[in-house]
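Take a moment to look over the fold and its sequence. We'll walk through a few strands, and then turn to some charged pairs.

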Amino acid sequence: MLCYQNRDMLSASIICAGWDKNKGGQVYCLPLGGMCVRMPFAIGGSGSTYIYGHCDNTYKEGMTEEQCLKFVADAVALAMHRDGSSGGMIRLAVLTKDGCKRLNIPGNQLPTFWSK
């Protein structure tokens, strides 16, 4: 409702994620028009245009937590490398039935691809 009612003033979409006992982990994307769409994953922000192909190729249904963390860290690192507005570190949050676990990857430990 918030997105739709303010669609003429907003310039960003919203990604909402969570966990519940009936459906487990879920990710929803709310684009500028305010529509709510459940997705297997969602990307957004100024660097997102650089990583759609990577995400489409790399994401696999049923990944483990470790695989998901690598998927996200690699995607964000690739976006950061191409986009000068994407910050200098990666902040991750893992949502499960047990709560939220937060992780940080400092700039000097970011995944790299172009130097290999």
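Let's start with strand E2, which spans residues 24–30 and is mostly covered, with five of its seven residues buried. "Buried" here means under 20% relative accessible area, "exposed" means over 50%, and "partly exposed" is in between, using a 1.4 Å probe and protein chains only. Strands (E, at least two residues) and helices (H or I, at least four) are DSSP runs, numbered from the N terminus.

Before going on, keep in mind that this is a predicted model: local features need pLDDT of at least 70, side-chain atom pairs count only at pLDDT 80 or more, and totals for chains, interfaces and linings use all residues. Residues are numbered from 1 along each chain as its sequence is written, and side-chain values use heavy atoms, leaving out hydrogens and water.

So who are E2's neighbours? Strand E1 (residues 14–20) pairs with E2 in the antiparallel sense, over seven bridges; two strands count as paired if DSSP finds at least two bridges between them. E1 and E2 make a hairpin, with three residues between them.

E2 also runs antiparallel to strand E3 (residues 37–39), and three bridges join the two. Here Cys29 stands opposite Val37 in E3. This is a hairpin too, with six residues between E2 and E3. Have a look at Gly34 in that turn: its phi is positive, about 100°.

Now for the charged pairs. The structure holds three salt bridges, each being a side-chain nitrogen of Lys or Arg within 4 Å of a carboxyl oxygen of Asp or Glu. One of them links Lys101 and Glu65, with the closest N and O atoms 2.6 Å apart. Lys101 sits in strand E5 (residues 99–105) and Glu65 in helix H3 (residues 65–82), so this pair ties together parts that are 36 residues apart in sequence. Lys101 is partly exposed, at 40% relative accessible area, and Glu65 is partly exposed as well, at 36%.

Within helix H3, Asp74 and Lys70 lie four residues apart, about one turn of the helix. Their side chains meet in a salt bridge at 2.6 Å, N to O.

Finally, Asp98 forms a salt bridge with Lys97, where the closest N and O atoms are 3.6 Å apart. Both Asp98 and Lys97 are exposed.
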